[in-house]
Amino acid sequence: MNLRMILASLLATASLSAHAFDWPQFLGLNRNGVSAETNLALIWPKDGPKILWKTKVGEGWSGPIVASNRVALFHRLNDKEVVDCLNATNGARLWRSDYPTTYRDDFGFDAGPRATPAIDANRVFTFGADGVLNCWDFFSGANIWRVDTRKEFNNAKPFFGIACSPLVEGNAVILNIGGSDGAGIVAFEKASGKVLWKATEQEASHSSPVAATIDGKRYVFVFARSGLVALQPDDGKELWEFPWKPRIQASVSAATPLVIGDDVFISASYGAGAALLRFSATKPEVIWSGDDILSNHYATSVHHNGFLYGFDGRQEQRCHLRCVELKTGKVRWTEDQFGAGTLMVVVDKLAILTERGELMLANATPEKFSPINRAQILGVDLRAHPALANGLFYARDKSTLVCVDLRK
């Protein structure tokens, strides 16, 4: 890792008031699916690792987040979107807050929230399926402020509801809103909910924004409906837009951009494909691209030691698990018809949670797919991203949240 990448990692870590082993937002501390954990058992008992606790939950595809030995989960119970705060080690509920919702999925899917919350010091931010943004006190559950973004910005309802996980960057909470009159991307003051800036006319996708430091400067990248947008986080100034859109209107772009040094990896299904871009403040350079490499549908790929690992193809068509060389886009191995799931990198390993509820640990190597352990920890039809904090793995399906002990 070069000096620039080390600096970027340190600055990204400093932007969140969380400990190194917390998982305070979507895709973890640095929003890239990589964990700093080291004290993990690589050999599991025959019947799998110990489940410390489990609890019933409502609808939703929002993943758990962890900080200060607390787990926050955003889900739906009856006609309310609910935030639960639980003790991370025993699952005891510390507080519960809620508000009414009328969201209905146009295609008959789950009616719960899709976006994973974000913790910043004593606040937790949630973004509901019908566009209600809330700021809660992380230690009491009191509501600090609320914005109904669909009323405020007249944003259209995406195919499968609003799914953008809030990004806390400096003094701002940044969201892919898809609103009218230049409110495609909006930054809210995290203390008050006041609008700090608005940018672009882009419609919203199902992807979430990411911030990164390149050459000593912070940038925000948003994979919106029609392509990737690069902005300055302090004032929302748009640097450029890179067109990258599925070939059909009835489509989903959900994977978060992955920033690796000064490269940005983007990916979508429905004929869009994947591309690796070399960042500049004026116009990105395409290093490689193609629709036969690593076309992500829902889950974001991860990077480890010069290689990308991710799911290629549509979820309903049993996508493939793949390893791709970052510099060239060369496919190094493929597990055909593996099925969908989520990935994270930990201790030179891949932690894979399949949509069938199976947790797998595999070597993160370009030589071949090399699984080490596997255990059934949940039911089927998983889409929520899990969390790993202090050796404990948190994951949910449609009805249950589990805490799995992966410590040595």
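**Strand β15 and its two hairpins**

Analyst: A hairpin joins β15 to β16 through two residues, where strands are DSSP runs of E of at least two residues, numbered from the N terminus. This is a predicted model, in which local features need pLDDT of at least 70 and side-chain atom pairs count only at pLDDT 80 or more, while totals for chains, interfaces and linings use all residues. Residues are numbered from 1 along each chain as its sequence is written, and side-chain values use heavy atoms, with hydrogens and water left out.

β15 and strand β16 (residues 227-231) pair in the antiparallel sense over five bridges, pairing being assigned if DSSP finds at least two bridges between two strands. Within this pair, A224 stands opposite G227 in β16. β15 is also joined by five bridges to strand β14 (residues 210-214), again in an antiparallel arrangement, and here V210 stands opposite F221 in β15. The hairpin of β14 and β15 has two residues between the strands, and D215 takes a positive phi near 50° there.

β15 itself spans residues 217-224 and is mostly covered, with seven of its eight residues buried, that is, under 20% relative accessible area with a 1.4 Å probe, counting protein chains only.

As for confidence, the chain has a mean pLDDT of 93, and 95% of its residues reach 70 or more; pLDDT is the predictor's confidence in each residue, from 0 to 100. Over residues 1-17, however, the pLDDT is below 50, and this stretch has 25 contacts in the model beyond near neighbours in sequence, a contact being heavy atoms within 4.5 Å.

Note on methods. Buried means under 20% relative accessible area, exposed over 50%, partly exposed in between (1.4 Å probe, protein chains only). Helices (H or I, at least four residues) and strands (E, at least two) are DSSP runs, numbered from the N terminus.
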